[in-house]
Amino acid sequence: MTQAKLTGSCLCGSVQYEITGEPKRFYHCHCSRCKVPEAERFSTRFCTRCGSPLPRVNKEAGVAIIPAGSLDGEPPLAPQARIFWDSRVSWSCGGDDLPVFAEYPPAQ
């Protein structure tokens, strides 16, 4: 994949962002870590006005994690898998041909 410029914002428009880089992965995550304050090695960023999830940068891994719903347009790659499938709620999406993983997929 080549370099891409991704832009997005929160629902109320208070926060706007632009990230340039090479998109690597696109997963539907079903974990519950973003709901648990004591989660290790995980954090979330939200707009303080409307509560929309926003991108976060993991400097140690050299990646940005971008909530797809915050993007202004269609992402440059299609979803590749559903992760933390065993943690999903009963009404969660599914039923497509994406591979599922109980936790993280094998290293790529």
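Me: Two strands pair if DSSP finds at least two bridges between them, a strand being a DSSP run of E with at least two residues, numbered from the N terminus. What joins S1 to strand S2?

Reply: This is a predicted model, in which local features need pLDDT of at least 70, side-chain atom pairs count only at pLDDT 80 or more, and totals for chains, interfaces and linings use all residues. Residues are numbered from 1 along each chain as its sequence is written, and side-chain values use heavy atoms, without hydrogens and water. Six bridges join S1 to S2 (residues 16-21), and the two run antiparallel; at least two are required, so they pair. Gly8 stands opposite Tyr17 in S2. Six residues lie between the strands of this hairpin, where Gly13 takes a positive phi near 85 degrees.

Me: Why does Cys47 count as buried?

Reply: Buried means under 20% relative accessible area, exposed over 50%, and partly exposed in between (1.4 Å probe, protein chains only). Cys47 has 5% relative accessibility, so it counts as buried. Cys12, at 36%, is partly exposed.

Me: What makes a polar contact with the side chain of Arg82?

Reply: The side chain of His30 does, at 3.4 Å. The term means a pair of N or O atoms within 3.5 Å; within protein, one must be able to donate a hydrogen and the other to accept it, and residues adjacent in sequence count only if both atoms are side-chain atoms. His30 lies in the loop between strand S3 (27-29) and strand S4 (45-46), and at 9% relative accessibility His30 counts as buried.

Definitions and conventions. Helices (H or I, at least four residues) and strands (E, at least two) are DSSP runs, numbered from the N terminus.
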